[in-house]
Amino acid sequence: MSKVQRKRLFFVVVLGLFLAGIAACVSMKDTKRESENAKLPVIEGAKYVGSQACAYCHQDVVKDFSASIHGRIAAFEIKPSTEVRGCEACHGPASKHVETGNPQYIINPAKLKPVQASAICEKCHTDKETMDWRGSKHALNGVSCIKCHSIHGKKDKLAYRDKLGYRHKHMKDVLLVKPEPELCLSCHKDIMAKTNYPNHHPVKEGKMTCSDCHNPHGSQVNPLLRTDERKNELCLKCHTRYQGPFTFEHPPVVEDCTICHEPHGTVADNLLKQNEPFLCLQCHGIHFHANLRPDTGTIQSNPHGSGYTSVVPHDNSMQMVMMTRCTQCHSSIHGSDLPSLSIPGGGSRFTK
Amino acid sequence: MKESKWIWFLIISFFVTVGVARAEEPKDTFKCSVKMGYHFVGHSDEKTKVGEYETLSSGPDGGVDFDAVMGKFLFGGHMFYYDTRDKEWSGYLDYARIIRSNYSYNSFIHRTRHDRLFANKDKTSDGFTAVNPFAWLWNGSEYELEGAQKAKYTDLDTGRDYQIHRSEQKWDTEFQAPSFPYVIPEVSIRQEVRKGWRQHTFMAGKCAACHVVGTGLRVDERTTDIKAGGTLKYGIITASYFHTERDFDNKALANYYNFDGVGGDKAVYRSRLLYDYSTSEFGETPEVQKHMDSLKARVRLPHHSTFYSSYVYSRVVNNTTDNSYNMDTYFARLTTLLLNNKLSISGHFKYYNLDNEDVIIDLNNYNIVNIAADTSVSGPGYGGLPVTYWNYDRKSSMSRVVTETGVDFNYNIAPRYSLIGGYTLKRLERDTNYSKEYFNTALANDRYLDDGTTTYNMFKLALNARTFNSLTGRVSYEFYHAKSPFQNWHGICYGTGWYNINGPGGSDPSIDSSQPVPTPYYMIFRNVYRTNDASNVPENHHNIKLSTTWTPSAWLSANLNLQYTHEDNNNADNGWHNNTYQAGLNLWIMPVQKIYITTGYDYQKSRYETYYCADLFGG
C-alpha cells in the first residue's frame, strides 16, 4: 500500500470512527432536544392538530401545497425525530393558533431570524447540495432558505421569459420563488450587468443558469462554486477539451482559469478580461518586430533585391502583422501535446 | 426545416388531445398547458455578435407542459421548441416516492468567430509586405535575407459560418425503500455533445516566412458523466459516497497540414525548425478520462453546531498521451451559533494535493526535418547542433499542495443590522518552480516563479442593513494580500548579459560585425537572460461594494449599486495595477398587473496599466 493510499485509508477510518462515536454518544432524544441548528421558538401549551385544520382557513396555500413536493412526501421519508407531517412539521403545533386565530401562536418562518427559518428546513434537508449549508456564504450573510424557496410550491414551467427578459432553462422543480437567473440577479445586480456584456455565457438565452456553476447552498471553493476540488475542475466539466493534462503546459492555464477569463461577461471576445494582445503583454514581451518601422530608404536602395523589396512596406505593417491576436499563431494556448515549430523554444509555444 | 416544424406542431397537438381525454377520468388527474407563438428575428451585423447563442430565423415556437397522477404514479413533462436546433424537453416519474426519476434535454447553437485574417485590410495578394528588422543578413559569402518580407495570411475555409451545436441530456434516478429508508441509492448520467465546425488558426512558417493559416476543424465531442452512489441519513448523521466516471470522446479525425518550407534565401531558419516541407498534425484535441470518488459527512452536534467534512479523490488521464494527474482533497468545517442565535461562526480547513506527471521532452521524437543530418543548411543558425541539444524535463506547473484555513462570522448587532466578516489564510506550495530542466548543462533552466510558494491573507467585512422595511442596503470591503503571487519570472525585458548559443561572434558575440549592418540577430535569450518579472495577478486586492434597494410599493423597486476595485502588484517588475469602477441603476415598475418594465444602466470603467516589453529577440 502506498503512502498516499495509507493516508486516504487513515482519513476514511478516522472519519468513520468519528461518526460512529458521535452516533453512539448522542441518543435520539438528545438529538431532538439539543441539536437543532438554531434555538427555535416554542408555542407553550400548543398541540398538533393535523393539516386539515389549517386548510379550513388557508385554502389557497393548501391547494398549491398538496401538489408540491412537500405535500407529496411519504411517511417513510420523514426522519424518526420528526414528530409530524404536513403543515405542522414546519409551523409547529397549531392548536392554539386554530383556536384563537392569533398569528402569535404559530411559527411563521417569515417572521423568524434567517438562521432560525433555515434551521426548520435543516431538520430534513441535510443531504446532497445542502450538506454544507450552514457554513455557506449565503447562510453567513443572513440569507434564509425562504428568501429563495417557496415552501408551498408553485411553478410555471412554460413561462418563456422572466421579468428581466431572460429566457428560461428547464430545471427540476426546486420550489424557487422566482425562476433562475432572475432570482439570483435580484440581489447580484453587478453580475446581471455582466451577463449583458457583448461576450457572455448563454445565461440570458436560457441555456445556462447560475446554479449550473454555483451551488448557492454552500461550497468549499469560493465563490460558492459547484465543485469539491478546485476552480479549474468546474470549468473543465463543460470545457473538457482543455482538461489535458498536456505535454506542453501554459502555466497560468493550469494555475487558474480566471487569470485570463471573467466568466460572467466581458467586452472582449472569449470572456477574456482584456483584448489580445494587451492581455498577453501583461506577462510576456511582445515580439521584437512590432516595434519596427521600416527604413524605406534603405529598402528601396537595397542592391540585393530578390523580389519582395520592390514593394515598400506600409509604415505600420509590422504593427498590423504582430499586434493582432496572439492566438492567431499561438492557437493552442490552453496547452498542447504537439510541439510548436521552433527547436530552441523546446516545442512549447502552442502554435499547433 | 419546415418538416421539422410541422412535426413539432403535431406532437404538441397530440398532447393537447391526450390531455383532454385523460382529464375525463374521475380518479386520476391530468393537467396540461400549451403555449404557442411566433418569433420575428432580424439581424444586420456579425452573427457571432448579435446572435452568438440565439436563433437568427423567424418562425413559430411553442411548448407543452403536463402533469399526471395515475394511482401511485406521478409523472409529467414539458417540451419547448424554438427552432430545429434550439429546443428542450424533460420528464419526471415518481412512483409512491419510492422511485424518483428525472430526465431533461436541452440544445442550442453556439456561433463562433471566423477570423478573416485581414481579408478586409489593404494588403497585396495574400499578405502584408512588412519590414524585416535587419536589412541584410550576410552569411559570409552571400545575403540570406534582406529587406522587406511578406507575412502571408491564408484562409482555407473562406465563407464558412462556424458554429457548434451543443446538446446536453441528464437523467437521474433515486430509490428509497420504505422498509429501510435511511439509505438512498442514486444514479445519474449526463451527456453533453458538441458537433459542428470551429476555426483553427496556426503558424505554418517561421519569421520571414511568416504564414498564418486559418482552417475549419470538425468538432465532434462527447462528454459522458456517470455517477453512482448513495446517501445515508440517520438521526444526526448524513453521509454520502459517489463515484463518477467521466469519458471525453473526440470523434473528429486528426488534421494535417503540409507546413511551409523555408528554403531559398531564408534557409538560415531551417535549422531552427522541427518540421518544414513536411506534413504534420495540428489542432489536436486529446481524449480524456476522469475518475472521481467523493465521500462526505455531516453531523449535527449539540449546542447548535454542525460539522461537515469531505474527501475527494480524482484521477485524470489524457488518453492520447497517457499522461495523468491525481488529486486528493480534504475539507472540514465546523459551524456554531452563540449568544442566543446572534453570532454565527464558521471555521474551515482545506487541504489538497495535486500531483501531475513530469514529462521528458525528446525533440528528436518530433523532429521531421532531422536537423543533425541536414548538411545543406549553412550560415549562422544551429546547423551544427543536434536537435537533442534542446531536450529537457518538463516539470509540471500544475503540481502543488494547497492548504487553506479560515473563519467567518455573522453578528446581529441590532435587529435590522448585521456585521459579517471573515479571515482566510491560504498557502500554495507548488512542487517545483521550474518549467524546464534542460539536460544540456549549457542551457540554464527556465522557471515561471521566483518562489514556488504563494501565501494569501484574505479579509472581508460587510454591514447588512434594513433601515426601513422599504430600504435595504449592504456595504462591504474585501482585501487580500498575496505574498509572491503567480508571475512569469524573468519573462520580460532584456538585461545587459547578452548570451550567444552558437553564433560566429566568438568571445563577444553580442554584435556580429561580419554583417553589413552589425546585428545580434541570432542570439538566443531564454528566461534566465531576461531580467524582469511580469504578472497580471494582484499582490494587493481591495474591493468596496455598496448596494441598496428601495421598494416603496409593490409596483416599484429601484436599486443602486456601486463598486470600486483596486489591484496592484509591486512584487513583479511590470508595475501592473488595475482600477475598476462600476455603477448600476436598475428600475422595475409594474404599471398594471402582468406588465413589467425593467430598465437598467450600468457603467464600468476598467483601466489596467502595465509596462510592456518589446524584446529585441524573442527566441
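These legends go with several close-up views of a predicted model.

**View 1. Chain B up against chain A.** Here's the meeting place of the two chains: 159 residues of chain B are in contact with 114 residues of chain A. Sort the chain B side by class and you get 68 nonpolar, 62 polar and 29 charged residues.

**View 2. Chain B by itself.** The secondary structure of this chain runs to three helices and 33 strands. Of its 619 residues, 34% count as buried. Look at contacts with a separation of 6 or more, and 64% of them in chain B come from residues 24 or more positions apart.

**View 3. The largest nonpolar core.** This core has 18 residues, and the ones touching the most other members are Ile343(A), Phe202(B), Met203(B), Ala204(B) and Val212(B). On the domain level, domain 2 (112-289 + 296-317) and domain 3 (385-619) of chain B each give the core at least three residues. Zoom in on Ala204(B) and, leaving out residues up to four places away in sequence, you'll find it touching His211(B), Val213(B), Tyr257(B), Phe259(B) and Asp260(B).

View 4. Strand β13 (residues 237-250) of chain B pairs with β12(B) in the antiparallel sense, over 14 bridges. One spot to check is Thr231(B), which sits opposite Ser240(B) in β13(B). The hairpin of β12(B) and β13(B) has two residues between the strands, and Gly235(B) takes a positive phi near 60 degrees there. β13(B) also pairs with strand β16 (residues 288-301) of chain B, again antiparallel, over 12 bridges. In that pairing, Ile237(B) has Val299(B) of β16(B) as its bridge partner.

**View 5. A four-stranded open sheet in chain B.** The strands line up as β20-β21-β24-β25, with antiparallel pairing. β20 (359-361) and β25 (446-447) of chain B are at the edges with a single partner strand each, so one side of each has no neighbour in the sheet. Further in, β21 (residues 392-394) and β24 (residues 434-438) of chain B pair over three bridges. Tyr392(B) has a tyrosine for its bridge partner: Tyr438(B) in β24(B).

**View 6. Helix α13 of chain A.** This helix covers residues 231-238, and its buried residues are Asn232(A), Glu233(A), Leu234(A) and Leu236(A). Part of what covers them is α12 (210-213) of chain A.

Methods
Residues numbered from 1 in each chain as written. Chains lettered and ligands numbered in written order. Predicted model: local features only at pLDDT ≥ 70, side-chain atom pairs only at ≥ 80, totals over all residues. Contact = placed C-beta atoms within 7 Å. Nonpolar A, V, L, I, M, F, W, Y, C, P; charged D, E, K, R; others polar. Core = buried A, V, L, I, M, F, W, Y, C linked by C-beta atoms within 7 Å. Buried ≥ 20, exposed ≤ 12 C-beta atoms within 10 Å, placed from the backbone. Domains from an automatic or database assignment. Pairing = 2+ DSSP bridges.
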